[in-house]
Amino acid sequence: MNNTPLKHTNEPGKPSTFDVVQKSLAKRRAAEHRFRFYGIAGIVLALAFLLVLFVNIFGKGYTAFVQTQIRLDIYFERAVLDPDGTDTEDALSKADYTLLIKKSLSGLFPEVNSRRDKRNLYALISSGASYKLRALVLNDAGLVGKTSSVWLPVNDDIDILFKGHIDREAKQSDRRVNDRQLDFIDRLVAENRLEKQFSSTFFTDGDSREPELAGIRGALTGSLLTLLGTFLLSFPIGVATAVYLEEFAPVNKWTDFIEINVNNLAAVPSIVFGLLGLAMFINFFGLPRSTPIVGCLVLTLMTLPTIIIAGRASLKSVPPSIREAALGIGASKLQTIFDHVLPLAIPGMLTGAIIGMARALGETAPLLMIGMVAFIVDIPGGFSDPSTVLPVQIYLWADSPERAFVEKTSAAIMVLLVFLIAMNGLAVYLRKLYERRW
Amino acid sequence: MSPSILLIILLGLSYLGFRLGKNRALASVGGKIKDLHSLPSFYGFYTSLWSIIPALLVTMIWLSLETSWLANAVIAGLPEAMQSLPESRLYLILNDIRNVVNGMTYSDRIDPLIADAAKRYSQLQSLSHIVLSLVAIGLSIAGISFSLFRINKSHRARNTVETAVTVMMVICSTLAIFTTLGIVFSVLFESVRFFKVIPITEFLFGLEWSPQTAMRSDQVGSSGAFGAVPLLTGTLLVSLIAMMVAVPVGLMSAIYLSEFASPRFRAMAKPTLEILAGIPTVVYGFFAALTVAPFIRDTGASLGLTVSSESALAAGLVMGVMIIPFVSSLSDDVMNAVPQALRDGAYALGATQAETIRQVVFPAALPGIVGSILLAVSRAIGETMIVVMAAGLAANLTFNPLEAVTTVTVQIVTLLVGDQEFDSPKTLAAFALGLVLFVATLLLNVLALHVVRKYREQYE
């Protein structure tokens, strides 16, 4: 073949096909590049959003793990703590610890006399500081009558100021810390009495109206209880259903109907499960509101389809030769499944279950419906204690007006994401570990 | 004795039954397993099933009846004047009593009547639990004795155990049906009660939504306005914005991943994209409300637009990002399933890769892609937390994305969170909305499945 272009000379005045193609080549090449670029742009856009989300949450949240503390020299005055001289624990636990703090502060700022200034001064300290002092004294009654230097949490507004979220130059009426308080703070800083310290409060305490005292332990415990219950209920039921549908069920209308139901339930919005929980478990069966037990029932129903579908896929991947071999040497059908097929399929089922659990851990809407949204300070101790869960806690804090809750919310989100990543990582690891090609 | 301790005792008894049954079977043949009909462990399982199942059944029935029985007994002990109160008041009193029993009161002053009733309540409850424990443990021991009595070397333990296990599996598998039925009935039942108060036509075609007025009876429009149209348009608006983000981005990502990307890039990018779907929606809601919405408001302000601080746009954009993986993953799989021969044919005719994708691969994969988009729409409609936190509560009948709108899911949450009496039209309206939501998503799912099945090209 030679390379001379083909010419259609029989239609004069009309460009040849070759010319048409030749002319359009540049355009087509550009279109090709454009198309490829759109594809990359799509992926980059999605990933960029992911990055922005993570950076944003992390940037807002990492400050929540430290807390501004103030060092005060507290004189544990016997006349205040134990005025009757009874020296009983009861007296000590009912004493007015706030007075000790006030006295200590007045000692630092002797010139503060007016009521208004005093109020400004006392407002620097968190209302939870007195509980901390009480805990100290109850722990060591020997403190009474002595002076001791104690680190106490400051109020959330001061904390936020210290973390740089309040503009000192703004008009006084626009910020939550007034000029007088700024003076106090500057003097305290000069005396090295204010310091940011790592605070375990966030991990060891329950919810609170005061941001500086609020922690996620209650929500975390609630989440763990709910998740534990969900796993204990949904995994056996899911495995049993998957085994039945995949290995035993005859092919008939009834089995078809079950399958359609399972697939549909996987796509039902989670809030509808919440309605079911409210109408059935709480109003019909009279189970207590706001408790992990109702939460795990609702989440069980919600995660079951995921577990069943993953379980069936896992069972399908076990080759028939395994079953035939077992049946061939005289095992019953059930022995075949439970002794030979299931051990091979269980890692895959577990992977599916963990992914289902991760989804259940992040679920909020159905739990709002069953009342796990109450303000609960106590750490739940069992399945029938009122409690909340981590995502709901995030929702509650996100709704709070205090600026200090923003960092708490972000920090709680970070904890939630760490758990989710750990669970998904475990699922991937299990899958890799037990992956088998037949 | 609390039910959880009872459960542990029953489990212990059932383990004991397992050992006893196994030993009994072995003893009956003098240790020669081959003389037994079934393997020894089957005799163990046989015994432990007999020990636990009747006891558990009785416990469950007992506990489910206990609540109402206790309530009746305690109410009967209240003074006459209190007993004759209407049912809803009585219910509240009962709730108070239960709260006292569970130590859930924070006030120091408790009505002595209530305290008294609570004391009686907890006495009766513990009495009931003691009787229950005795009955259940007795049943369990009886079951063990009965099965031990039946075990001999020709007893067909395996057949019984296998039947029992199969029956249990069948029961588990019907749970999916019961869940669907439970959803349908619980939502439908309350909705019917709602439609008795508010006609269904008013609900579906009314243009006003203000359920809050239903609380007061002396006000104009005292029955509240329950026209769902603003909610439906709000839902549609937010979903539409979400789809306008998710469909182009998701589709283009899917095309790039399945057609252009190297296997290594694909193996890395696909799971990373799927992280977007794994992030809890409450996180997106927080991000939308605190970062995206102010950003949009400020940008709008600098362009001279008035943007409400809770705009449909913010919620829709973030929701769109969340559902990108729903579009991209499924579409990617579908396009991957298009046979290579079709692409090769197009290349042979001189088409570029982009032309092949646009004119051959994409049309061949279209049913699957449409299915994935429909599923994404159903996900967008049912999404709750993002809109609750970022879209607002005002039921505006508008298609302006810069204004605050409300959605079906937001209203369900607002109507049902917090303590309400369960019979007001306000609460029932939430279930009617739930019904709408359930039906809409169900139809979308069925439609998606239908599209995929009916229009799928069969290669092979």
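Okay, chain A averages a pLDDT of 87, and 97% of its residues score at least 70; pLDDT is the predictor's confidence in each residue, from 0 to 100. So that you can follow the labels: residues are numbered from 1 along each chain as its sequence is written, while chains are lettered from A and ligands numbered from 1 in the order in which they are written. This is a predicted model, where local features need pLDDT of at least 70, side-chain atom pairs count only at pLDDT 80 or more, and totals for chains, interfaces and linings use all residues.

Helices (H or I, at least four residues) and strands (E, at least two) are DSSP runs, numbered from the N terminus. Chain B averages 86, with 93% of the residues at 70 or above.

Now, where do the chains meet? In all, 66 residues of chain A are in contact with 68 residues of chain B, contact meaning C-beta atoms, placed from the backbone, within 7 Å. On the chain A side, helix α1 (residues 17–61) gives the most, with 18 residues. That side divides into 50 nonpolar, 13 polar and three charged residues. Here Ala, Val, Leu, Ile, Met, Phe, Trp, Tyr, Cys and Pro count as nonpolar, Asp, Glu, Lys and Arg as charged, and the others, Gly among them, as polar.

Next, the sheet in chain A. It's an open one of three strands, in the order β2-β1-β3, with antiparallel pairing; strands pair if DSSP finds at least two bridges between them. β2 (147–153) and β3 (194–198) of chain A are at the edges with a single partner strand each, so one side of each has no neighbour in the sheet. The twist averages 40 degrees from one strand to the next. β1 (residues 66–75) and β3 of chain A pair over five bridges, and A:V66 has A:F198 as its bridge partner in β3(A).

Packed on that sheet is helix α6 (residues 129–139) of chain A, which touches β1 and β2 of chain A. Its direction makes about 140 degrees with that of β2(A); axes are lines fitted to C-alpha atoms, for helices over the stretch in contact, and angles run from 0 to 180 degrees between N-to-C directions.

Definitions and conventions. Contact = placed C-beta atoms within 7 Å.
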